[in-house]
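Subject: Structure for you to look over

Hello,

I am passing on the structure we spoke about. Please open it alongside this message and read the notes below with it.

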Amino acid sequence: MTHARPSLTLPPGLTARPLQPADARAVFEVIAAQELADLGEAIIEEADIVADWQRPSFDVAASTIGIFDGPRLIAYGEHSGGDRADAAVHPAYRGRGIGTELAGWIRRTAREAGASIVGMPVPAGSASEALLRALGYQVRWTSWVLELPADREIVSQPLPEGFSLRVGSSAADEVAAWEVVEDAFLEWSDRPRTSFDDWAATTVRRPGFEPWNLRLAVAPSGAVVGVALVQLSDLGGFIDKLAVRRDLRGRGLARALLADAFAAARAHGATRCELSTDSRTGALGLYEKVGMDVTSTWVHLAASTSSR
């Protein structure tokens, strides 16, 4: 497929082009530099970008834009699909109008894809938040990253009688996990159902995935009724997904899965364990009760794609 040359007004000497999978490392480096400036540490992994871009529904060239200073990528934007977007500008290039151009490109691209609204999460109090608010973006929800400190004890949680925890070990387990997670997440998120292949691309087919990462809660009937998905990196363990079937909530399954996931991450070398949640889920209190501390706050800012 041939993609039209991007239409952006850039400072002299900078160029723009659609990105390709081979650019994932460069995108990671730009996002990491921005996070280091805004948060004091980089939490992004290259695998996050590779996984997102390998979704079958995602056309990298049609949905991304890179801005270059010579051969060096210094900023990027993407319309991830639906009302989701992301963008980053290397801190050394802030204040030159690049972020404003990216925001305009994202709105146009999302509008052409049929989206009426588009937004992205940014650290609260960051330069990115200030820019988007100045461009008319409004808060849709707030999210938090929480950490279980390395010195905090993990207390095993009891399971209801007849229930058990085990590792996902088959393709059928992966499909069952997808169903539980999607059913739970669609209770509070306004989006179409994610296909199994798109979900798998960012979870069980994500670079670095190992079978122990998929933790399942199983009912006496043998049905998968709860899921915790662990990611392991140099920073520690991250609980990427946590979900329990709606009719079985309030019985301790989420707490048991969480404790099991933390213990598994520590057993594989993690000294810190993190997860994120947002104000749509109502789960912040659960995580604080099991000993987790908020380490950063994010706001999801969005705007109409018809806005300039």
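What follows is a short account of the cores, one group of strands, a helix and some charged pairs. Please keep in mind that this is a predicted model.

The nonpolar cores

The largest nonpolar core has 27 residues. Ile239 and Tyr287 have the most contacts inside this core. Two or more residues each come from β6 (138-148), β9 (224-233), β10 (236-244), α8 (253-267) and β11 (273-278). Of these, α8 gives the most, with seven residues. Leaving aside residues up to four places away in sequence, Tyr287 touches Leu146, Leu242, Leu258, Leu275, Thr277 and Met292. There is also a second, separate core of 26 residues, and Ile106, Ala110, Val118 and Tyr137 are among them.

The strands around β10

β10 is largely enclosed by the rest of the structure, because seven of its nine residues are buried. β10 pairs with β9 in the antiparallel sense over eight bridges, and a hairpin of two residues joins β9 to β10. With β11, β10 pairs in the parallel sense over three bridges. β10, α8 and β11 together make a right-handed β-α-β unit.

Helix α2

In α2 (residues 46-53), the buried residues include Ala47, Ile49, Ala51, Asp52 and Trp53. Among the elements that cover the buried residues of α2 are α1 (24-39), α3 (60-63), β2 (64-69), β3 (72-81), β4 (84-89) and α7 (196-202).

Salt bridges

The count comes to 23 salt bridges. Here are some of them.

- Asp23 and Arg17 form a salt bridge, with the closest N and O atoms 3.0 Å apart. Asp23 counts as buried at 9% relative accessibility, whereas Arg17 counts as partly exposed at 30%.
- Asp260 and Arg215 meet through their side chains at 2.8 Å, N to O. Asp260 lies in helix α8 and Arg215 in strand β8 (residues 214-218), so this pair ties together parts that are 45 residues apart in sequence. Arg215 counts as buried, at 12% relative accessibility.
- Lys241 and Asp240 form a salt bridge, with the closest N and O atoms 2.8 Å apart. Lys241 counts as buried at 14% relative accessibility, and Asp240 is partly exposed, with a relative accessible area of 23%.

Finally, salt bridges that share partners join Glu41, Glu147, Arg272 and Glu274 into one network.

Regards

Notes. Residues numbered from 1 in each chain as written. Predicted model: local features only at pLDDT ≥ 70, side-chain atom pairs only at ≥ 80, totals over all residues. Heavy atoms only, no water. Core = buried A, V, L, I, M, F, W, Y, C linked by side-chain atoms within 4.5 Å. Buried < 20%, exposed > 50% of the residue type's maximum accessible area, 1.4 Å probe, protein only. Helix = DSSP H or I, 4+ residues; strand = E, 2+ residues; numbered from the N terminus. Contact = heavy atoms within 4.5 Å. Pairing = 2+ DSSP bridges. Right-handed = clockwise from strand over helix to strand, strands pointing away. Salt bridge = Lys/Arg side-chain N within 4 Å of Asp/Glu carboxyl O.
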